[in-house]
Amino acid sequence: MNLKNSKFFKRIQTLRRISKEKIRKEKERNRLDFDLANCFQERNGIEDSKMEEPFLIGGSGSEDNSIEQIKLRQQQFLVQQCEQCQPVEGEDDTTVNGLIHFNNTCFQVKGITGVPPKKRSSNESLPTISSTRCSMCVCHSRYTIIGKVAKTLGFRMVKDNKLWNILWTDSLAGVELYKNMKRFQQVNHFPGMMEICRKDLLSRNLNRMLKLYPKEYKIFPKTWVFPADYGDALNYSTSRAKPVTFIIKPDAGAQGRGIWLTNDLKTINPSERMICQTYISKPLLIDGYKFDLRVYALITSVDPLRVFVYNEGLARFATSKYVEPTPDNRCDLFMHLTNYSVNRRNSHYEMCDNDDCGSKRKLSAINTWLRRRNHNVDEFWSKIDDILIKTILSAWPMLKHNYHACFAAHDRIQACFEILGFDILVDSKLRPYILEVNHSPSFHTNELVDRQVKKPLIKDTLNLVATALADKRQILRNNQNGSPKNKTLSSNSTGDCPLSALAQQIAWEESHLGDFRRIMPPTEPNKLNYYCQFYGVQNQASIYAETAASKKREEVAKKMRMELEAKRRKQNEMHSRPGTKFEDRSRKRARVPRDVIEKNRLTQLRNQAHWTPGFISMAEERLRASTMQMRSDLLREMKIMESIYTNLYNAGNLTSTDILKFPDLYRSLEEGTSITSMAESSTT
């Protein structure tokens, strides 16, 4: 019999849990009373002898005291201590007034200034992750470093079917998850963030803002979305005196897949969905290599918008020295692309622990390089901060609308936060351009520089997010009692008086910045007034306005939909037609003219991603040739081929090809001569 499954054993476990909970509550009650007594001693300078025992709740009779009696004794103790602390007549009035927040009640205290209170840091009274028993789910993330860092901060790892506090996922969460989230839960993605994380939507939003603010939004290369803007791009290409190099990207691609360069837009299939940008042919070079900057930004709130930028990041270098694009080197992706997933395949990729070398470096190394050449680093980063803010503001109306639609009941903490990876390219004049935004940047730690940047980034992010301000037990208790909305934030958050949820979140974030810096809202008043113009009503209304480009996109989408419906209807008719055979369908396909088939084949090959093999050095070629020669000598010395040929001959498995390819060996075996002895005599 299994005792663990018996009712007796379960009853014992239940009684044990009840007794432990009772002992824990008693200790907590005694601790609170003792802390209250110490608080008055420190604030009013009362000696231990003046403390009367009847007002210190505890001892053997504390079990019989109810909660109401405890509160009554606490209030009596407060009143008596205030009476004892009245000033003596003839002395200066040195009384002070104050508030004590205790057991969700604010008490007004009036006492004589005695021993000055101890100075406490601002973070001492705030709840912590370990004290609130926060939990985190990383089941939907492939990066192990996230769970390791979270454990060091005090998070408990749970599965997705538990009541987690934070859900960290690599992909965007669905509507069902947003709808079922509790008021203490957070997810690391905002609904609608794809408005700036997809290349086509980002281009559309930035182009829309460029029309509204032509001078302020010159922060990205000239961009067209195919097939809607194919005619505009073709007109731009033909109107230029010099040939323009364009870079073609898939509309929803990643990791450098499907990217290629061209200067003839007529070779592109106009019906395919892709992004066309003017290529920045004069980028800033370090040691002759092209590079881009991966800047990490953290959004903790969209209404109001609060954005933080991490001071450290990555600079990703190409692995071939840069030369302006020509018809000969346009296919060299190791020269024109800086993606790590592309350049790691090159044999020239460098993994270096020093900050001044390697194909991947920290942003601090780039700042040092700029200072050595007398560049203004602060002005350079102010330009990058301006780009990040304007990029997020281009989709702010949609982000705000989606957030309030999904999380109308979240009144404790913000339901979402998100780390975005901005890819910034700098030209030779130190002017930054936004290339793309990644909603799930890579947190792989294959190199030392990755661990030095990404591990502190995750740690500071989890510290900055105000997860500990929401009391999970209190919220669940309120939901069970039928009062889901409670105006007080948490029983763990102490202060002079209860503050609003937003004020407490701002106070938490400002005291847990770590290596982050706040860029939105900006600290300078002139910048705040400058960015307020992008919040205008015209900006919000224009996202739904009908423009010429939107009409063109609707026409293209309608045409594609009609073509798909016609194709599906034709397939259904063909399948439903009686007596239709495969030979008839193949005969119909064969009737297509050969020139049309050849044209389609060339178009398909042209639209595929162009890839060139990596550079092979002379040293690698000599090493390969010497290794192959050693292999051939070893096979000859060990007589491997002769032994295999003899075994095949004895088994009768020699084919006509084997006989024609090695006629001497076959003739020797037919005459009864040993092949191995012949090989030994030939070598001697």
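The model is predicted, so local features need pLDDT of at least 70 and side-chain atom pairs count only at pLDDT 80 or more, while totals for chains, interfaces and linings use all residues. Residues are numbered from 1 along each chain as its sequence is written, and side-chain values use heavy atoms, with hydrogens and water left out.

**View 1. An open antiparallel sheet of 4 strands has the order β7-β10-β8-β9.** Strands (E, at least two residues) and helices (H or I, at least four) are DSSP runs numbered from the N terminus. Two strands pair if DSSP finds at least two bridges between them. At the edges lie β7 (223–226) and β9 (260–262), each pairing on one side only. From one strand to the next, the twist averages 25°. Helix α7 (residues 230–239) packs on this sheet and touches β7, β8 and β10 (274–278); contact means heavy atoms within 4.5 Å. The direction of α7 makes about 135° with that of β7. Axes are lines fitted to C-alpha atoms, for helices over the stretch in contact, and angles run from 0 to 180 degrees between N-to-C directions. Strand β8 (residues 246–250) pairs with β9 in the antiparallel sense over 3 bridges.

**View 2. A sheet with parallel pairing, also open and of 4 strands, has the order β4-β3-β5-β6.** Its edge strands, β4 (156–157) and β6 (186–187), each pair on one side only. Strand β3 (residues 135–137) runs parallel to β4, and 2 bridges join them. Here S135 stands opposite R156 in β4.

**View 3. The largest nonpolar core has 63 residues.** Such a core is a set of buried Ala, Val, Leu, Ile, Met, Phe, Trp, Tyr and Cys residues joined through side-chain atoms within 4.5 Å. The members that touch the most others are I196, L293, I299, F422 and I434. Helix α11 (residues 377–393) gives the most to this core, with 9 residues.

**View 4. T391 is found in helix α11.** T391 counts as buried because its relative accessibility is 0%; buried means under 20% relative accessible area, exposed over 50%, and partly exposed in between (1.4 Å probe, protein chains only). A polar atom of the T391 side chain lies 2.7 Å from the backbone oxygen of I387. Leaving aside residues up to four places away in sequence, T391 touches several residues, including L202, F422 and I434.

Note on methods. A polar contact is a pair of N or O atoms within 3.5 Å; within protein, one must be able to donate a hydrogen and the other to accept it, and residues adjacent in sequence count only if both atoms are side-chain atoms.
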